[in-house]
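Notebook open, structure loaded. I want to go through it piece by piece and write down what I look up.

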Amino acid sequence: MAKTASAFAVGLLFGLGLLVSGMADPAKVLAFLDVTGRWDPSLALVMVGAVAVSATGYLVARRRGRPVLASRLEIPTRRDLDPRLIAGAAVFGLGWGLAGLCPGPALTLMTVAPTQAVTFVAAMVVGMLMFRLLPSAAPKAAVQGADA
Amino acid sequence: MDGITPVSALAGGAMIGTSAAMFLLLNGRIAGISGILGGLLAPPSRETGWRAAFVAGLVLAPFAYAGLGGSLPPVTVEASFPLLILAGLLVGFGSRLGAGCTSGHGVCGIGRGSRRSLAATGTFMAIAMLTVLVARHLVGA
């Protein structure tokens with residue numbers, strides 16, 4: 001119960017951060033990605049702020065060892081750069097560049113720009129389900145530790 | 001589009017980072033949205049509750065934003081519906097194949113110095129920039 005409540009609060013804060021930062025505006029995202037056009041570098045600072053705080057959190061969590069509400073930290077342990085990681089990131093980047101939407105902002109926009117965001121999220125879920133249909137994907141998808 | 005917004009970008013980024021840090025310290029988990037959502041597509045388990053709660057928080061964030069007195073920032077979705085569907089399919093499939101998205105690899109992964117996440121983030125940023133270059137400046141529109 002406490003885990004669920006904290007997940008809700010964390011999701012809410014994450015969504016607020018997306019809205020405040022401008023990450024939730026696809027036009028802003030595309031302007032950031034448009035390096036050869038009228039480039040808007042603002043969103044690079046979202047990354048700077050987010051990585052700085054998350055890195056600090058990681059160091060503290062590692063030092064503490066045990067999380068407050070769970071028995072152990074579940075952090076991906078793989079270190080190898082396999083073709084699948086790079087191919088997946090490339091496919092993801094193509095989709096991200098086409099619409100300016102990635103999973104977090106798409107979910108947060110479902111109540112702001114419903115028709116478009118719900119369309120995108122529905123397609124995204126179908127894409128995730130298609131991945132699960134890959135015979136080689138199924139066992140790996142079950143190992144949550146492999147997820148970043 | 002409407003100019004550079006360094007302060008809100010940095011502040012919003014810090015909020016996202018705080019959220020990721022809290023999730024690790026409290027739940028011991030990585031705040032990777034595609035992984036959290038993807039896990040919901042598996043048969044119900046003990047993890048279904050917190051995953052659904054996290055997604056609900058993300059979806060309801062605009063109400064909290066308005067409730068805290070903010071007027072929602074402008075949001076412009078330029079993509080047509082066929083393009084949204086194509087992009088959604090690619091983002092969904094790619095994020096699972098690559099085991100992460102902007103949050104899991106870009107924020108959490110780089111934050112803990114993972115070379116897999118660094119490689120993934122470099123790849124999707126480069127491909128996304130290339131996609132915008134082709135779509136906006138080479139194909140037209």
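**Entry 1: a glycine in a helix**

I started at B:Gly17, which is found in helix H1 (residues 6–27) of chain B. Helices here are DSSP runs of H or I with at least four residues, strands are E runs of at least two, and both are numbered from the N terminus. Before going on, I note that this is a predicted model, where local features need pLDDT of at least 70, side-chain atom pairs count only at pLDDT 80 or more, and totals for chains, interfaces and linings use all residues. Residues are numbered from 1 along each chain as its sequence is written, chains are lettered from A and ligands numbered from 1 in the order in which they are written, and side-chain values use heavy atoms, with hydrogens and water left out.

Is B:Gly17 buried or exposed? I get a relative accessible area of 0%, so B:Gly17 is buried. The cut-offs are under 20% relative accessible area for buried, over 50% for exposed, and partly exposed in between, with a 1.4 Å probe and protein chains only. I then listed its contacts (heavy atoms within 4.5 Å). Leaving aside neighbours within four places in sequence, B:Gly17 is in contact with A:Ala50, A:Val53 and A:Ser54. I also checked B:Gly111: it is 94 residues away from B:Gly17 in sequence, but the C-alpha atoms are 8.9 Å apart.

**Entry 2: chain B overall**

Chain B has six helices and zero strands, which reads α-α-α-α-α-α along the sequence. Its C-alpha atoms fill a box of roughly 50 × 40 × 30 Å along the principal axes. Of the 141 residues in chain B, 52% are buried. I also looked at contacts in chain B between residues at least 6 apart in sequence, and 35% of them join residues at least 24 apart.

For confidence I used pLDDT, the predictor's own score for each residue, from 0 to 100. The mean for chain B is 94, with 97% of its residues at 70 or more.

**Entry 3: helix H5 of chain B**

Why call H5(B) largely enclosed by the rest of the structure? Because nine of its 10 residues are buried. Among them are B:His105, B:Val107 and B:Cys108. I looked up what covers these buried residues: the cover includes helix H1 (2–21), helix H3 (42–64) and helix H4 (83–99) of chain A, together with H1, helix H2 (33–40) and helix H6 (115–138) of chain B. Just after H5(B), B:Gly113 takes a positive phi of about 70 degrees.

**Entry 4: cysteines**

How many disulfides are there over all chains? I searched the whole structure and found zero; the cut-off is a pair of cysteine sulfur atoms within 2.5 Å. For A:Cys102, the closest cysteine sulfur is in B:Cys101, 6.2 Å away, so it is too far for a bond. For B:Cys108, the closest one is also in B:Cys101, at 9.0 Å, again too far. A:Cys102 is buried at 3% relative accessible area, and B:Cys108 is buried at 8%.

**Entry 5: where the chains meet**

I counted 112 residues of chain A in contact with 111 residues of chain B. The buried area, meaning the accessible area (1.4 Å probe) that two parts lose on being put together, summed over both, is about 10100 Å² between chain A and chain B, and carbon and sulfur atoms give 75% of it. There are three salt bridges between chain A and chain B, counted when a side-chain nitrogen of Lys or Arg lies within 4 Å of a carboxyl oxygen of Asp or Glu. One salt bridge I looked up joins B:Arg116 and A:Asp82, at 2.9 Å, N to O.

**Entry 6: two more residues**

A:Phe120 sits in helix H6 (residues 114–133) of chain A and is buried at 0% relative accessibility. Not counting residues up to four places away in sequence, what A:Phe120 touches includes A:Leu101, B:Leu84 and B:Val91. I also checked the length of H6(A): its 20 residues should span 28 Å at 1.5 Å a residue, and the end C-alpha atoms are 28 Å apart, which agrees. That expected span is 1.5 Å times one less than the number of residues.

B:Leu133 is partly exposed, at 25%. Leaving aside neighbours within four places in sequence, B:Leu133 is in contact with A:Thr36 and B:Leu138.
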